[in-house]
Amino acid sequence: MNIVIAIDSLKGSLTSLEAGKAIETGIKKVYSEAVTKVLPLADGGEGTVEALTLGMGGKLQSIEVTGPLGNKILAQYGILSDGKTAIVEMAAAAGITLVPDNKRNPLYTTTYGVGEILLDAMHKGCRHFIIGIGGSATNDGGVGMLQALGYDMLNADGKPVPFGAAGLKVLCRIDDSRVTPELKECSFRIACDVTNPLCGEKGCSAIYGPQKGASPEDIALMDKWMGDYARISKKKYSHADANAPGAGAAGGMGFAFLTFTNATLESGIEIVLAETKLEDHISKADLVITGEGRLDGQTVMGKAPVGVARIAKKYNKPVIAFAGCVTPEATACNEHGIDAFFPILRGVVSLSEAMEPKNARQNMIDTVEQAMRLLKIKID
């Protein structure tokens with residue numbers, strides 16, 4: 001039996017690869033001769049760097065960068081085994097979890113550290129980038145990142161604008177004469193699963209500003225400044241489009257990538273599935289196993305397990321899923337390619353006990369073993 005295992009992380013318990021290895025162990029208890037392939041799975045959000053980098057034989061990199069509050073922090077990204085592909089999570093340098101609740105204010109938080117990560121990867125030879133832009137603490141239109149890459153974002157006196165959305169207020173001119181030359185050789189695949197424009201009632205300031213600490217007054221001002229930024233950018237780069245789907249992602253980071261770099265915004269899971277060449281492995285499999293921490297009604301709306309199942313059904317492969325927990329709405333997964341799913345919880349315990357990595361791993365092994373025993377009866 002040839003089995004492909006591609007499960008998303010059980011956040012707070014097991015990484016994608018740890019969960020996959022636990023499933024593999026459960027399988028081998030019943031099918032000792034099975035040929036198993038554990039592949040990393042993520043949707044472009046938290047955990048993507050670790051899943052893709054380690055799952056594809058790459059190496060994690062640590063670098064000191066400018067954090068969202070302007071202080072120095074340690075950030076991590078990955079370089080794949082080809083030496084030319086970097087995996088980056090924006091949240092590693094500009095994530096909202098890096099900012100205490102009482103200091104959250106998008107008027108001042110910056111994406112400068114994201115640009116520093118990109119520069120480091122370029123200097124190490126990377127020219128192909130996969131970037132997750134979820135979980136940001138910023139609303140600076142990506143200006144901080146651009147400044148780190150060498151774009152001069154200038155005020156009326158020809159001086160650099162300050163960090164944060166407040167910098168957009170005084171932005172008057174963009175000069176690209178000092179941009180790092182490697183940038184023109186680079187391509188960027190941006191994991192972006194939102195379609196918000198840059199400005200307006202569905203723009204980044206209005207929709208995401210409140211959770212980043214913005215007041216109603218701040219939101220109105222930031223939206224105006226963001227519009228001014230878009231017009232200044234349009235004068236210099238005719239293709240700049242503030243209304244492009246996803247331009248408002250991550251506080252305008254989508255707009256920055258589309259306007260100032262060779263970038264495409266794509267579904268996070270689609271990027272991961274393509275980069276891992278999952279379809280090639282699934283096409284040769286007898287069984288496909290997937291899952292995530294929680295299977296629910298949201299799983300069918302672009303989440304990783306359903307992405308895996310969709311590919312499997314192109315080749316009429318059976319798909320089963322395992323999850324830390326399931327909700328009644330998870331039955332929708334059965335209509336989207338997952339033939340059967342199983343929660344791994346095996347007793348009444350507290351949430352913290354269930355999420356303890358050692359417990360989660362053993363629960364996964366035991367549940368998979370029993371599912372495989374049932375499958376063995378069916379096959380035999």
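**The interior of the model**

The largest cavity has a volume of about 30 Å³. The model is predicted, so that local features are described only at pLDDT of at least 70 and side-chain atom pairs only at pLDDT 80 or more, whereas totals for chains, interfaces and linings use all residues. Residues are numbered from 1 along each chain as its sequence is written, and side-chain values rest on heavy atoms, with hydrogens and water left out.

A cavity is a set of points, on a 1 Å grid over the protein atoms alone, where a 1.4 Å probe fits but cannot get out, while a pocket is an open set with protein on both sides within 12 Å along at least five of seven lines; lining residues have an atom within 4 Å of a point. Points are joined across faces, edges and corners, and the volume is the space filled by probe spheres set on them. By this rule there is one cavity of 30 Å³ or more. The lining of the largest cavity is made of Asp140, Val143, Gly144, Gln147, Val161, Pro162, Phe163, Gly164, Gly167 and Leu168. Helix 5 (143–148) and helix 6 (165–169) each give at least two residues to this lining, and helix 5 has the largest share, with three (helices, H or I and at least four residues, and strands, E and at least two, are DSSP runs numbered from the N terminus). The cavity lining divides into five nonpolar, four polar and one charged residue (Ala, Val, Leu, Ile, Met, Phe, Trp, Tyr, Cys and Pro count as nonpolar, Asp, Glu, Lys and Arg as charged, and the others, Gly among them, as polar).

Turning to the open spaces, the largest pocket holds about 1000 Å³. It is lined by 41 residues, and the closest to its centre are Asp8, Lys11, Asp43, Glu292 and Lys303. At least two lining residues come from each of helix 9, strand 11 (287–295), strand 12 (319–326), helix 13 (351–355) and helix 14 (357–379). By type, the lining of the largest pocket comprises 18 nonpolar, 13 polar and 10 charged residues.

The second largest pocket contains about 490 Å³ of space. Among its 28 lining residues, Gly45, Glu46, Gly47, Glu50 and Glu89 lie nearest the centre. Helix 2 (48–55) and helix 3 (91–94) each supply at least two residues of this lining, and the largest share, three residues, comes from helix 2. The lining of the second largest pocket is divided into 10 nonpolar, 13 polar and five charged residues.

Rings of Phe, Tyr and Trp (its six-membered ring) pair if their centres lie within 6.5 Å, with planes under 30 degrees apart counted as stacked, over 60 as edge-to-face and the rest as tilted. The count by this rule is seven aromatic pairs. One of them is the tilted pair of Phe188 and Phe257, with 5.6 Å between centres and 45 degrees between planes. Because Phe188 lies in strand 9 (residues 187–191) and Phe257 in helix 9 (residues 249–260), this pair ties together parts that are 69 residues apart in sequence. Both Phe188 and Phe257 are buried (buried means under 20% relative accessible area, exposed over 50% and partly exposed in between, with a 1.4 Å probe and protein chains only). Tyr237 and Phe260 form an edge-to-face pair, 5.2 Å centre to centre with 75 degrees between the planes. Since Tyr237 lies in the loop between helix 8 (216–236) and helix 9, and Phe260 in helix 9, the pair ties together parts 23 residues apart in sequence. Tyr237 and Phe260 are likewise buried.

Thr261 is placed in the loop between helix 9 and strand 10 (263–266). With 11% relative accessibility, Thr261 counts as buried. Beyond its neighbours within four places in sequence, Thr261 is in contact with Leu183, Phe188 and Ala256 (contact means heavy atoms within 4.5 Å).

Helix 12 (residues 304–314) is largely enclosed by the rest of the structure, because eight of its 11 residues are buried. These are Ala304, Pro305, Val306, Gly307, Val308, Ala309, Ile311 and Ala312. The cover over the buried residues of helix 12 includes helix 10 (268–275), helix 11 (278–282), strand 11 and strand 12. Just after helix 12, Asn316 adopts a positive phi of about 55 degrees.
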